[in-house]
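Student: I'd like to learn how to read a few features of a model like this one. Can we just work through it together?

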Amino acid sequence: ATTRSFAAVDLGASSGRVMVGRVGAGSLELTEAHRFPNRPVRVPEGLRWDVLSLYGGVLDGLRAAGARCGGRLDSVGIDSWAVDYGLLDADGALLGNPVHYRDPRTEGVAEKVWATLPAAELYAATGLQYAPFNTLYQLAAARESAQLAHAKRLLLIPDLLTYWLTGEPGTELTNASTTQLIDPRTRDWAYGVAARLDIDLELFAPLRRPGDPAGLLRQRVLEETGLTGPVPVTTVGSHDTASAVAAVPATGERFAYICTGTWSLAGLELDAPVLTEASRAANFTNELGLDGTVRYLRNIMGLWLLQECLREWGETDLGELLRAAGEAPALRSVVDAGDAVFLAPGRMPERIAEACRESGQPAPGTPAEITRCILDSLALAHRRAVTEAQELADHPVDVVHVVGGGTRNALLCQLTADACGLPVVAGPAEAAALGNVLVQARAHGLVGDRAAMRRLLARTQPLERYEPRGDTAAWQAAQARLSTR
Ligand code: ADP
Ligand code: LRH
């Protein structure tokens, strides 16, 4: 039987990787060709993505991927974190480094937007949770900038990289749904919202959907990577979370998922958006997934909290730290891991201790105590999101699938099972890359529908199961400590 080779470029906020997926009839194998750090840079005007270094990593990765396949790749797909973009001038040249979603330029901007278009109307039209970094608010923040004045085109990060690789501009739909300029019912632009806020939709290239062709690698790219052409680029769920949810190895319908990496994205896959006022009040988002599905979820700060502490602590053995955290007292102090106060970089151990003190709890001091506080807090936020999503969407579940880098953290997975009072199935860790590969494979006729993709994953990927321990009363009590603040 023929096996095809697909390269998945997956750029997370903490690292980028190029993975090779080999797919045959009933087989799926993923290997890492290249991984590189994603280090944002603070320049005088703010926090920026080092997009040229990322592109360099993509080219190195494609070369390494090709080397594993005799220079022949059947296709390439690209996904990355959401909401951010590059602006191009009339010549198609990039105007400056893309702004990082953690840059403070959007502070106070939402209130100004809501003065023109009230938050409730905005939610009813777009279904997107409030986050200061939604592209809509970034564009509002940049309204007076010289850069935007000169811009002829806006490309979301994966679309920008695709454009550099192929010369073909486009706007991939799942990622476009994080701009807050898409209507989740029509799965097309929210024309009314754009008009009310005076946002020029002409800036965006035409919409592309997962599975659509996105051009061929340019001759120069083939030369630089040693690949033998033609190599098509296939549109995938270019929002990393869309690709990760596509790779949730669920075998039934009654599941919740938590994509754990820099962020924790916790929620449900639905057929239609939930646009109720209660849903808005609970700040659930309706992003678009594969095949017109809705990713109904909440953003939780995720392992960012730990990444930032580790940055402060310097050289630390993560395995040893997690072992010590496992032995630290449980649920001694918790913070609200959904709170945007933790969005910005810097001073994370201190900020976590401050939040504990402010809610009348003991401040964790040692790295092990702080790590335990973070993992307990994440598990608690997972519990809250999984519980509320089921209620708001009227969609009960009996298993929680955890995917992404956080599945390598057994303590987090166990605490999540305990907090949710449900079994957790953990894996795959590289879910976004697998979702990326499978959409390419499907476009090449190698796999069937979403359910078939999931069955293939469940059969081929190593998964770990965690049963809930004890009752959930302790978690309820911890939640109450935060709610009565
Ligand atoms: P992103 O795609 O957002 O950059 P990942 O899905 O790659 O994030 O997940 C990265 C996180 O996974 C790290 O911040 C770390 O907390 C966790 N992680 C990775 N490897 C391990 C490991 N060996 N043990 C425990 N946690 C790990
Ligand atoms: C995760 C992610 C998430 C977005 C955030 C900006 O990488 O794409 O889904 O909310 O980054």
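Student: How do the residues of the shell around ligand 1 divide into nonpolar, polar and charged?

Tutor: For the classes, Ala, Val, Leu, Ile, Met, Phe, Trp, Tyr, Cys and Pro count as nonpolar, Asp, Glu, Lys and Arg as charged, and the others, Gly among them, as polar. Around ligand 1 that gives four nonpolar, ten polar and one charged. The shell has 15 residues, and Gly-12, Ser-14, Gly-261, Thr-262 and Gly-405 come nearest; a residue is near a molecule if its C-beta atom, placed from the backbone, lies within 6 Å of it. Keep in mind that this is a predicted model: local features need pLDDT of at least 70, side-chain atom pairs count only at pLDDT 80 or more, and totals for chains, interfaces and linings use all residues. Residues are numbered from 1 along each chain as its sequence is written, while chains are lettered from A and ligands numbered from 1 in the order in which they are written.

Student: How do I read two packed helices?

Tutor: Packed helices are described by the angle between their axes and the distance between the axes. Here, helix 12 and helix 14 pack at about 125 degrees, with axes 8 Å apart. Axes are lines fitted to C-alpha atoms, for helices over the stretch in contact, and angles run from 0 to 180 degrees between N-to-C directions. Helices are DSSP runs of H or I, at least four residues, and strands are E runs of at least two, numbered from the N terminus.

Student: Why are helix 12 and helix 14 called oblique?

Tutor: Angles under 35 degrees count as roughly parallel, over 145 as roughly antiparallel, 65 to 115 as roughly perpendicular and the rest as oblique, so this pair is oblique. Leu-305, Glu-308, Cys-309 and Glu-312 of helix 12 meet Met-348, Pro-349 and Ile-352 of helix 14; contact means C-beta atoms, placed from the backbone, within 7 Å.

Student: Is Leu-227 buried or exposed?

Tutor: A residue is buried if 20 or more other C-beta atoms, placed from the backbone, lie within 10 Å of its own, exposed if 12 or fewer, and partly exposed in between. Leu-227 has 22 such neighbours, so it counts as buried. This leucine sits in the loop between helix 9 (219-225) and strand 14 (232-234), and among its contacts are Leu-62, Gly-66 and Leu-217.

Notes
Contact = placed C-beta atoms within 7 Å. Lists of a residue's contacts leave out its neighbours within four places in sequence.
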